[in-house]
Amino acid sequence: MIETLPRRERDVFETLCRLEQASAASVRTALADPLSDSAVRTLLSRLEAKGLVRRRVEGPANLYTPVPSTDTVATGALTRLIDTFFNGSAAGAATALLGMTRSLKPDELAALERAIDEAKGRGR
């Protein structure tokens, strides 16, 4: 459903996912292309009506959180990216990502090695 959102709603939703929980003012500040306070509040209300955002009152502020987990949203976005730009090849996407990195930290290398070993085990 996220891919069908209008551009500005998607911008606000993705910013909220990145922040994980935020007030409308915090979302506004974090946007790459800022909107007015009222526009951000309106877009958050629309996202809430669509079931993508949850609002709770905390003191004088409303705090917003994305309803789908950020892992679920990230997986969907990554799947669309791989399908669109890498012809469905996760290996092609991984190779491109690794090519963008100058060096990997030891814990990142270890995580990649574990993921590759698990993928090998699933392929047997």
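# A tour of the salt bridges and one surface patch

Select Lys50 and Glu9 to begin: their side chains form a salt bridge, with N and O 2.6 Å apart. The two residues are 41 positions apart and link distant parts of the chain, Lys50 being in the loop between helix H3 (37-49) and strand S1 (53-58) and Glu9 in helix H1. The model on screen is a predicted one.

Are the two partners buried or exposed? Glu9 is buried, because its relative accessible area is 3% and buried means under 20%. Lys50 has 35% relative accessibility, so Lys50 counts as partly exposed.

Now zoom out and show the whole chain as a cartoon. There are six helices and two strands, and along the sequence they follow the pattern α-α-α-β-β-α-α-α. The C-alpha trace spans about 55 × 30 × 25 Å along its principal axes. The radius of gyration is 18 Å, whereas a compact globule of 124 residues would have one near 14 Å. Of the 124 residues, 23% are buried. Among contacts with a separation of 6 or more, 45% are between residues 24 or more positions apart.

Next, select helix H1, residues 7-19, which holds both Asp11 and Arg7. These two residues are four apart, about one turn of the helix. They form a salt bridge, and their closest N and O atoms are 3.5 Å apart. Asp11 has a relative accessible area of 23% and is therefore partly exposed.

Together with Arg7 and Asp11, they are linked in a network of salt bridges.

How many salt bridges does a search of the whole structure find? The number is eight.

Another of these pairs is Arg55 and Glu48, whose side chains meet in a salt bridge of 3.2 Å, N to O. Arg55 is partly exposed, with 39% relative accessibility. Glu48 is also partly exposed, at 27%.

For the last stop, leave the charged side chains and select Leu78, Leu81 and Phe85. What do these residues make? They make a nonpolar surface patch of about 310 Å². Leu81 is found in helix H4, residues 70-85. Its relative accessibility is 38%, so Leu81 counts as partly exposed.

How values were computed
Residues numbered from 1 in each chain as written. Predicted model: local features only at pLDDT ≥ 70, side-chain atom pairs only at ≥ 80, totals over all residues. Heavy atoms only, no water. Salt bridge = Lys/Arg side-chain N within 4 Å of Asp/Glu carboxyl O. Buried < 20%, exposed > 50% of the residue type's maximum accessible area, 1.4 Å probe, protein only. Patch = residues over 30% accessible without salt bridge, like charges linked within 9 Å, V, L, I, M, F, W, Y side chains within 5 Å. Areas by Shrake-Rupley, 256 points an atom, 1.4 Å probe, with all protein chains shown as cover. Rg over C-alpha atoms; globule rule 2.2 N^0.38 Å. Contact = heavy atoms within 4.5 Å.
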